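Reader: I'm new to this and would like to go through a protein model one question at a time. Could you show it to me?

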Amino acid sequence: MTQSIHTPDLPLVNPSHDLESVTEKLTGFQLAPTTPKGWFLAVAAAFALLNLLLLSTAMLIYKGVGIWGINVPVAWGFAIVNFVWWIGIGHAGTLISAILLLFRQQWRTSINRFAEAMTLFAVACAGMFPLLHLGRIWKFYYIMPYPNTLGLQFPQFRSPLVWDVFAVTTYATISVLFWYVGLIPDVATLRDRSRNRVARVLYGIMALGWRNSARHWHRYTTATLLLAGLATPLVVSVHTIVSFDFAVSILPGWHTTVFPPYFVAGAVYSGFAMVLTLVIPVRAIFGYHDFITARHLNNMAKIMLATGLIVAYGYVMELFMAWYSAHSYEMDMFFQVRWKGPYAAYYWALILCNIAIPQLLWSAWVRRNPYILWVIAIIINVGMWLERFVIVITSLHRDFLTSSWGMYYPTVWDWATYLGTIGLFFFLLFLFMRLLPMISIFEIRELVAHQSHARTHADPAKTPDSPDNTPSGGHTS
Amino acid sequence: MARIFSPGINTIARTTAFGLPVLVMLVFGAVRGWQDSSYITGVGRAVNQPVPFSHQHHVAGLGIDCRFCHTSVEDSSFANVPATETCMQCHSQIWTNAEMLEPVRESFRTGKRIEWTRVHDLPDFVYFDHSVHVAKGVACVTCHGQVDQMPMMAKASSLYMQWCLECHRHPEVNLRPTDRVNDMAWNWQKEAQGSAGPPGIQSINTKVVPQLRVQGAPQAGAFQSGVVQPGAAYPNAAYQGTAAVDSQALFDAYRIRTQGITNCSACHR
Amino acid sequence: MHDSLEQPQVETDKPYGILAEFADAESLLAAAKAVTDAGYTATDAYAPYPVEKLDEMLAARPTRLPWMVLAAAIAGAVGGFMMQYFAAVIDYPVKIGGKPLNSWPMFMPVTFECAILAAGITAVFGMILRNGLPLLYHPLFNVPSFDRASQSSFFLTIEATDPMFNHDEIHALFARLGAKEVTVVPA
Amino acid sequence: MKMPMKSPEFDMSGLGQRLAGQQGPELWRSLEQLADTPAFREAVDNEFAAGAPEWNDGLSRRRFLQLMAASLALAGLHGCTRPAEEKIVPYVNQPQGMTPGKPLYYASTHTLGGLGRGILVEQNMGRPTKVDGNDLHPATPGFDNPLPTAMRFGAADIIALASILSLYDPERSQTVKRVGRVSSWETFALSMEEELARLTPRQGEGLRILTEATSSPTLADQFNRLKVKFPAAQWHQYEPVNQDMVRAGAMLAFGQDVRPIYHFDKTVVVLVLESDFLIIGPAAVRYAHDFAWQRRVRTDRPTMSRLYAVESNLTSTGSVADHRLALKPSDIERFVGALAAKLGVSGGGAADAQGLDADWLAAVAEDLQAAAGNATALVVAGESASPRVQALTHAINVKLNAVGSTVTFIEPVHAFPVEHAESLTQLVADMQAGQVSTLIVIGANPLHNAPGDIDFAGALKKVPLRVHMGLYEDETAFQSHWHIPLAHELETWGDARAFDGTVSLIQPMIAPLYQGRSPHELLALLLGDGRRSSQRVVKDFWLKRWGGVDSEIAWRKALHDGVIENSAAEVRQVTLAPVGAWAAADPKPTGSDTLEVSFQVDTAVYDGRYANNAWLQELPRPVTKLVWDNAAHISPATAARLGLVNGEVMHLSAGTRGVDAPVWITPGHADDCVTLPLGYGRTRAGEVGTGVGFNAYLLRSATSPWHESGVTWRKTGLNHKLVTTQMHHSMEGRGFVRTGTLLDFIHDPEHITAHGHQKKNGVPLTLYEPFTYEGTQWGMSIDLTSCVGCNACVIACQSENNIPVVGKEQVSNGREMQWMRIDHYFEGDAHQPDASHVQPVACMHCESAPCEVVCPVGATTHSDDGLNEMTYNRCVGTRYCSNNCPYKVRRFNFLEYQRPMAPSLELMQNPQVTVRQRGVMEKCTYCVQRIRRADIDARTDSREIYDGEVVTACQASCPTQAIVFGNINDPASRVSQEKAPKQPHAYGLLSELNTKPRTTYLARIRNLNPKLAPQSPAGGAAQH
């Protein structure tokens, strides 16, 4: 991959840029004195959906989870499906900022900030569901260890749900910190560029008095590198643990050892799909073509293709193991229930969305065509939602005792809650876009500096201190 | 462009930065403390009653046995509050026109029941059983405190689960000979010196297996070990009313099985 | 004072220090090297992005952050496991699904998360605190042109606390190093 | 431990008023309202829908407060606020013999079709909370408990068990009403006395009394005296589910009215003709008990009786049968004729009735004959069988030496036995003719359940004065001038005779909640001594009859035991009437252009009188598992022929009579005929029962009340949503119910429970060192051979554990709450299944329980004595445990099902069991409250718990003792005798999942006739 970085025809940033113009361009929208109407419209739409969330939540607390379609045997419905879906989407950000950082992938620079923000908001949406789906939400704190009138009250640490609580909260915390650390220098820039007194004060407080000192930069880059090192196993662990919610149980269709890798891959898959879904329009609207180039799209598409194939492998292994185990319940689950059962349509739809269609990505032309890429990305988002639906609902609705077989029909409230979280997601996203830099400015500056540096010198690939094999992380963070 | 902040801001910034976490801690601590405060637990807070009944007077003053009024304490989960007639047994003779007793007399006349306010009130999902505790030598005073010193009844302990567990995890600590359960001032020293006074009503020790049980307690299913021979008295404590026997001896003598008493279903059903 | 919390010296008679602005990273690097070689210690450089080797040029000592983080990680892991062990074996030893009280394999996920959480928090707050932040006021912010340090320009300071601090010599030195502009920063 | 009876006046006396007080608004309205328009009646009627059922969730103040509470909690304020203050209200005079906090048990009687079954009522602080059977009563034999120490319960049927809910039903009629307006008993008494004054000179001419069947000696005595006072008055009886056919049959066969008593404990070969004797009727519990005794297959007792069933619809009895033949009613008659002929009974039909399975017939005949040798054969005809079938059956039984051994005859137990249909027809005719001036209806509800060809409503309008006495303001009450609330049997005095004549007393468990009066009081009024309480009436009668000084002692003993000793009717000798009395031509085989209809008593709401009992309405009916509905049952083949699908509404008509009925396809049903359950389509049953199902009485005729042939049908194009709790009736080869034949059991018992490849008692695989379970370890065994699927355990559990009812809509969402369910599976061909199995399923209390591991808050844990505990107050409702439970026995409060609760229903709750809140998971606890009670008693006595000291609610109620519970760590305990290795056919459900269930099953053993079912060595295991 290091080669692709130095493919001369595909620079990461339009060479015409210098430090000044980059800063100018990337802070333009945030510091603009007047807000465009389009933004207000977008926020209004998102806010409407957000209110739908509030309404359905109020209804939920007032009446109980019975307003959803869940029942016995299908005691988990949309809530868990959406939880897994959102948390999966929430994997791209950290992956891009952490793993790609460790791999010294400079192209991450243009998208990591946006992806991280997306991660946070996705995790926020995801985090709501485990709480909302509780029968007695007002007792949620029973799941955490804390001192009370029982003495010390503890959760039951053998339960994957408790692992979830720890994993998701840790993930959320680390993501927020990572994101904030990345923001500090850029907020400092906003502070110094802003003409608005209030903005200056607020940005000033947020920047903590950052003054770009070399000594600070030194610790700063070390810290970022350490965070990346921590976040990488974390991001893998989170979806592994989410997959344990199912894998640890004894249900055919859930009790599967391939789940952890296949869930993680699926998470990255959906994460990148969502990044593309969002980045392509943003790029068009704000004219960020200079920073988010065809090469970025290309690379992301490649990652989707790769992870998509891992997911496909996961599907195949499920079937193979079911057959190989010769376990009658497993065989029935996969070859009867999923293939021919009442929800078979969902299964085949997910195969189409997650496996068949993404094969188009083998073509470089498709990978660079924003329009097609965007459509494929959306299809994958849908597909990944279907995957979770199939895993949760079809496995539950027909388990061991035929006498207790049942069906699950989502109610209007199921849908309202789901759409509501989408509203929340975009509402936060739009606020972020207006108030904070969507692209990490100082890292772009760095990139610009290196490119000009490279131009002045003969062949950057040979220079000992070219960005891709320098020992210190200083360059890339 | 001019600077945004003046030098003073740094102190403020630092204080806030370090202060916030501390503040949060404090709030949590306060809430926890609040839960243990007597305002919430009601410990030591005398409760108003329709009749200002004084345990101090009746127990310490007149030396009436607890079981004279709370008759069901040994047979039932519920230690009953005495019926009006019980009060009237005496008060039809003495204090017959005391003003404060009017509600009792009225109740007796009209048949309208007296509404006492509950002092020891467990949540509805907690099932406590008096009989077994008394039978195993857990004294009244252990949970209800020195009622003989309470002009008006008040809780002596929070009755929180934490508090229950302390004893259920180490039952031997709070045991005493079963004929002393109603003794307010008892302790092992007095027992040793024999200054604990004459044994009380030997309720548990003399209570024999009820008639129904006598009729051929079947061998089928009854454990070979520990079957009570029909009609046999309960195994008395090694305690003879003279030498001090430590709680552990009682623990063995009363065959207290720690197994199960910390199970959830021991109290929650 | 390099690696310790930095306090702005506010002294009436002496200024905070002298600030020189440079055109680009290369000249800043060169200047930093020269200044350090000249024996100045109370120096600092400012750039809109992490310029590689700049800290070395200023002879900054490597940070101890990694060790702090490692320690935190270990503490988190141990604490996390002990909490679970205490809960499941000591405090509430309850039979759960026929599993032994200390079913340690099932305690691993939480242990791991605790380690990461402790380490991550340490990394971030360690960095911020070691950098002496939050420090919303700093004498440099009095210099209007310093705003550009966060945008496109490069600066170098020699602070008044430096034993060798001397107006004329420093002005001369900066001039030699081709500073675009030299300002005396009031305390 | 039954306490000596004592007057219940002390308790809850305040309650009656309190509840009457609930009706405050009613009072002023009645004063304001003077008009008596139907519209007003409707309005009033709706207004009376007080104590709306729990599933009716409109926005109420209460709900709003709940919401507030929840939000407060959300705000984290909960636990930081003072608990609400509670009161203790001690007695003024504490009743004798009662210890506050301890339940008392009283013996009493519950009647069904006029016949009594003994009940034992648990009373907590004056509130009756649970009904069980009385083991001293012949109709409700006990669990043969070796232990005198333990509470001795008798078995019971669902109706007796559910009667506690009817007692507290907030919709029971509460005050005397005069044309819809509130009145009082005194006012009624006055106007009645005027009326009587008018009647006396006319010798009571024009006075008619309509009652249901009754067997009460006291009531009979009162009627006799009334007859003396008013010679011209007439007493009519109408019970929609009556013994007219039996009576007619006996007349045909023996020339006298005698009633058969069966002795299944003596039978070896039984043939049953369209009778569900195991679960329906006043003797069902006793019959099921005796029958099961003969089929209790154990290693030390490898014998069992054999049951052949011939019936049109698939009943529980049919599922239990070893061989079953599905025939439509007319064919059944031909079958009996043929059988009679084969057995050489004169007056039979054509020995080779064509169209019938000749081999089957031959095999059965031969088998019966073989058993006739030692008088162990028996043929049973259902109460709905035609007189000729009844008579032929008697004749056959005589031939088989059954009479005197497996069947005996007694004179009718009912007071003044009459032909009910005739009695009603007579009454209606007189009413039409205007010969009836005063009609007093006691209990009966002819406006709902009179046959479709009798226009009772029309005739009723011609009666000047109409008085109705009943539990509810039902259809008949609505058309009457006076309505008198009838006191529930649990709140009044009375007496009744059992199926075998044994007399038992009815004593009140609580002072009447409303202004209910007993029939005795009404008759006392008519007799002119209206001031006499029901207690006086009943007691005086018996004291007078016994006479002597000991009569008081006898009375107390009778109340204590619940039965009057040696009061059973003595056996009557019978001789067959001259041959030919019943000889008639077999009915012609009916064509398939029209349908035959047979009516059936509903297994839950009986004849409809229990329609407002939500427990019964929501009880999954045997086989179909339908709830909250009745349906027209037809066979798959017929459905295919008529092109009908489940839920499609068809119109059935016979002459002028007709009814619309939704179809339910029932495998195992006979072709070309339809079965219609009676008792639905109530129009004034109350919130619960009104409008549930269709009224099959409309199609019924007085002349042939049970069968209708030549019924025409057509589609209506309508559809009705029928709700069932089980959609899938195939085991998919997963062998949940393991079956084998008796021969398998004798020769290769291990094989019966071997399923697929896995070994039954293989070493459990585990990475961990398993826990060692010491001391008492609870476990259960369920015998699938004995279980008849009568549902008693389900209701008993519901009653014991405060289980809510959720309503049709929620059940259709798969949210039924019963902790115990009875799974049903078909085996073999989908159209005519070879076998039909039932399997009671509740929490298995697995030793390695999947549910426990996944609970994040430790709300479900394992106790030291092996229980899978459920701590409600700890549960946050993630429902993960339910997902991970392979048996799906966990139930979740998806909505607030318990509250708001009618005040009267709050009285019914078992104080020993927490009432669960919304959002909480619940499930079978092995009746942990009873276990802990026994545990505490044992600890107090410093002994171990005796075997049989803990009896779970399901076990206590089980007529066949299929359920055994106890300490599995004790090799001598009864439950250990029912488990491996003692019983080779014991197995654990889904034990291959290594859950180590504490509840195990005994495989179903079937005693197949080799002639009909060639033995496969693989036996039951083969069909997997």
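Reader: Which residue does Asp607(D) meet in a salt bridge?
Author: This is a predicted model, where local features need pLDDT of at least 70, side-chain atom pairs count only at pLDDT 80 or more, and totals for chains, interfaces and linings use all residues. Residues are numbered from 1 along each chain as its sequence is written, chains are lettered from A and ligands numbered from 1 in the order in which they are written, and side-chain values use heavy atoms, leaving out hydrogens and water. A salt bridge here is a side-chain nitrogen of Lys or Arg within 4 Å of a carboxyl oxygen of Asp or Glu. At 2.6 Å from N to O, the partner of Asp607(D) is Arg609(D).

Reader: Is Arg609(D) buried, partly exposed or exposed?
Author: Buried means under 20% relative accessible area, exposed means over 50%, and partly exposed is in between (1.4 Å probe, protein chains only). Asp607(D) has 2%, so that residue counts as buried. With 23%, Arg609(D) is partly exposed.

Reader: Which residues are linked with Asp607(D) in a network of salt bridges?
Author: Side chains of opposite charge can pair when their charged atoms come close. Here the network links Asp607(D) with Arg609(D), Glu212(D) and Glu239(D).

Reader: How many residues apart in sequence are Asp322(D) and Arg295(D)?
Author: These two side chains also meet in a salt bridge, at 2.9 Å from N to O. Asp322(D) lies in the loop between α10 (316–320) and β12 (323–326) of chain D, and Arg295(D) in the loop between α9 (284–293) and β11 (306–311), so the pair ties together parts whose separation is 27 residues. (Helices, H or I with at least four residues, and strands, E with at least two, are DSSP runs numbered from the N terminus.)

Reader: Where is Arg193(A), the salt-bridge partner of Glu24(A)?
Author: Glu24(A) and Arg193(A) pair at 3.0 Å, N to O. They sit 169 residues apart, with Glu24(A) in helix α2 of chain A and Arg193(A) in helix α7.

Reader: What is the area buried between chain A and chain C?
Author: Contact means heavy atoms within 4.5 Å, and 58 residues of chain A are in contact with 69 residues of chain C. The size of an interface is often given as the accessible area lost when the parts come together. Buried area is the accessible area (1.4 Å probe) that two parts lose on being put together, summed over both. Carbon and sulfur atoms give 67% of this one, which is about 5600 Å².
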